[in-house]
Amino acid sequence: MSYLKLAQRNLWRNKRRTLITISSILFAVFFAAMMRSFQLGSYSLMIDNAIGAYSGYLQIQNPDYADDPSLDNTIPQLEEITALPQKVSNVKAVVPRLETFALASTGNLTKGALVLGILPESEKNFSHPQSFLVKYRFTNQAVRNIVDNPNITEAIKSKVKILEGEMYPTEKKLADALGDEAIDTTVLNIIKRECHYNGRFISASDSEVVVSSRLAKFLNLNVGDSIILMSQGYHGSSAAGIYRVAGLVKIPNPELDNKLIYMPLSKAQDFTGCYNLVSYWAINLKNASDESLQNTQDVINNMLDSKNVTVKTWKELNRVLVQQIESDNKSGIAFLVLLYFVVFFGIFGTVIMMIYERTHEFGVLISVGMQRKKLATLVFIELIFMALIGVVIGMGVSMPIIHYYHVHPIALTGNTAKMMVDMGFEPLMPMAPFGPYLYRQAIVVLVMVVLASIYPIRRIIKINVTDAIRHR
Amino acid sequence: MAVIEVINVEKTYNESQIKVTALKNINLTIEAGEFTAIVGPSGSGKTTLLNLLGGLDKPTSGRIRVGDVWVDTLKGSKLINFRLHHIGFVFQSYNLIPVLSAGENVELIMQLQGVPAAERRKIAYSLLEKVGLADRYKSKPSQLSGGQQQRVAVARALASKPNFILADEPTANLDGKSAENLLQMMELLNKDDGVTFIFSTHDQRVVNRAHRVVVLEDGVIKES
């Protein structure tokens, strides 16, 4: 009879106690994994929205641009930079951008806007803005048609009324906004037909612009309308132009969605007078881990050493976002520690109960000749067994849920969604994919079990045999 | 040489800062092959004396020798190891390990001694045969009657080939017939194999069968 076998039999002797202990470990792993996954998933979404869809993981800029992001601190369109994906293995794509602020005006409405001069074809493989192109819009006319349609249920009609003015780039997002009631394909097809919105993304040779959905909503803009832009150009010159709206885009990052106007790079250079100049080059990476980010920054800095440019990481460019994530991460970890504490005392309580119940048995075993260390080892093996079972089941239960909510993020609605949007975040709660964080939760819980076993082991080592035999 | 020699042993406890003397000036010699009963009313010190003889407790003063070893000087793992190899225990409430079968309970002692698996299985079987339970080798304690469990406990005590077996009220939880059977079996082991038994008991049947009766009263040996 090996100790392992004896430990395993001891576990199932008091099934209820064992199941309680295993459950407390299981829930510890489950809750810790869920919590951490939601946190990391949210950070990842924030970064994707801000970095992947806009700034890029690295930017090549004029050394003064970070402190004074004006058109006077632009850099030339260098061939060496265009060729970076071929020269640096970790560089996935690189795009030039000319960025300036302008007053956007239509009719008697005016709003500050961020004009982004881009190479549309290159940008399609970088921040893929064409995927944000609005294809469905609940215009006033569309809402009226839907409400008058006898095939639509009252529940959907009232939902549609609330959605007036909203825009969606994909059928899925449209269906998600309508909720469960829109499952019926016929109804969805009617709504799609009524809400279908024409528009296209710009090409390099166009003279038109693409406007973000919130800005378009504010300026009451539609495809085909004209927008007037006024700004300061290169070296104090004045910049002004009138542009036709080719399409609208719904940018995931609400802050950008409030102000962005895409314009072909050459037209933006004409508009500002920054001929053959760009504000920065944005770079996307194949591997964006901290280490790779740093290495790639160093490599490109060395390559462009003589060109009077500097390479900045997304962390240097988005200090506010980094601070937001860091502070949220700290409070998240503090909450996690609190959870660990609660769980630790749960495990500790059941362990104490187990030791108390078995004091008599321990006394008998020591009296017949079992060494205290062997007995302590036996109890430790039992606890580790329970911990492993709890951890494995906890991970097993967590993983499919994490995978599901990674693929299908929870879409926040109502005031919570509004609050998130107001704060500049996309109202989604995705979970992070499987990663070291998941195994770390398991390891932390295992360490807690080891810590919780210190007291019982000490108690066994110090047990008074005659008292223990009398114990009932 | 005597199996056990107790010299001027005294045992006192401090209970709520009050000194309670459990045993006073105990002198006792047990020879090999004895079948001895320690009797006395509740609180007379029987269990305390048995605990001292078994090395489960230490005397406040005096000496205890088992074979040629002064057990009162042994500590920690050495003392546990000494008990494992030299002393067999039979408890009032059997105290078998519930998750182990009858055979495994007997084997456990030999496993602790480091006896190879095949050998200990053979010995365990023969010991269970000796106590009349060879056919219950694989039965769990919960599947055995009280009398049968106590027989397994005796087989377990014998497994370490001890110098003597200490039995604390072995018949207290048994019905008349089971107690009679157990005593017969112990008597046979004593007679045929020369196993030394020391009982603490209230049971007149045990006293009647004992070769020697030690009477304890208020922690003092009145008759030996």
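The model is a predicted one. Twelve of the 14 residues of H5(B) are buried, so this helix is largely enclosed by the rest of the structure. The buried positions are Gly147(B), Gln149(B), Gln150(B), Arg151(B), Val152(B), Ala153(B), Val154(B), Ala155(B), Arg156(B), Ala157(B), Leu158(B) and Ala159(B). The list includes Arg151(B) and Arg156(B), both of which belong to the charged class.

The length of helix H5 (residues 146-159) of chain B was compared with expectation. At 1.5 Å a residue, its 14 residues should span 20 Å, and the C-alpha atoms at its ends are 20 Å apart, which agrees. After H5(B) comes Lys161(B), which has a positive phi, near 50°.

Chain B as a whole contains seven helices and ten strands. Of its 224 residues, 57% count as buried. Among contacts in chain B between residues at least 6 apart in sequence, 70% join residues at least 24 apart.

The interface between the two chains was examined next. On the side of chain B, 25 residues are in contact with 23 residues of chain A. The area buried between chain B and chain A is about 2,000 Å², and carbon and sulfur atoms give 61% of it. Ile80(B), Val99(B) and Leu112(B) supply 28% of the area that chain B buries against chain A, more than any other three residues.

Polar features are also present at this interface. Six residue pairs are in polar contact between chain B and chain A, counted with both residues at pLDDT 80 or more. One salt bridge is found across the interface. A salt bridge joins the side chains of Arg9(A) and Glu104(B), with a distance of 2.6 Å from N to O. Helix H2 (76-86) and helix H3 (102-113) of chain B each supply at least two residues of the side of chain B that touches chain A. By class, that side of chain B comprises twelve nonpolar, seven polar and six charged residues.

In chain B, Asn95(B) has a positive phi of about 55° and lies in the loop between E6 and H3. Asn95(B) has a relative accessible area of 9% and is therefore buried. In chain A, His235(A) has a positive phi of about 50° and lies in the loop between strand E8 (226-232) and strand E9 (238-249). The relative accessible area of His235(A) is 57%, so this residue is exposed.

Three further positions of chain A were considered with their surroundings. Ser398(A) belongs to helix H17 (residues 372-407) of chain A. Its relative accessibility is 0%, and Ser398(A) therefore counts as buried. Not counting residues up to four places away in sequence, Ser398(A) touches Val29(A), Phe30(A), Ala33(A) and Met34(A).

Tyr136(A) is located in strand E5 (residues 136-137) of chain A. With a relative accessible area of 11%, Tyr136(A) is buried. Beyond its neighbours within four places in sequence, Tyr136(A) is in contact with Glu166(A), Met167(A), Tyr168(A), Thr170(A), Glu171(A), Leu174(A), Lys192(A), Cys195(A), His196(A) and Tyr197(A). One of these residues, Lys192(A), is 56 residues from Tyr136(A) in sequence and 6.9 Å from it in space, C-alpha to C-alpha.

Met429(A) is placed in strand E15 (residues 428-429) of chain A. Leaving aside neighbours within four places in sequence, Met429(A) contacts Phe38(A), Tyr405(A), Pro409(A), Ile410(A) and Leu412(A). The C-alpha atoms of Met429(A) and His406(A) are separated by 8.8 Å, the two residues being 23 residues apart along the chain.

Conventions. Residues are numbered from 1 along each chain as its sequence is written. Chains are lettered from A and ligands numbered from 1 in the order in which they are written. Side-chain values use heavy atoms; hydrogens and water are left out. Contact means heavy atoms within 4.5 Å. Buried area is the accessible area (1.4 Å probe) that two parts lose on being put together, summed over both. A salt bridge is a side-chain nitrogen of Lys or Arg within 4 Å of a carboxyl oxygen of Asp or Glu. A polar contact is a pair of N or O atoms within 3.5 Å; within protein, one must be able to donate a hydrogen and the other to accept it, and residues adjacent in sequence count only if both atoms are side-chain atoms. Helices (H or I, at least four residues) and strands (E, at least two) are DSSP runs, numbered from the N terminus. The expected span of a helix is 1.5 Å times one less than its number of residues. Buried means under 20% relative accessible area, exposed over 50%, partly exposed in between (1.4 Å probe, protein chains only).
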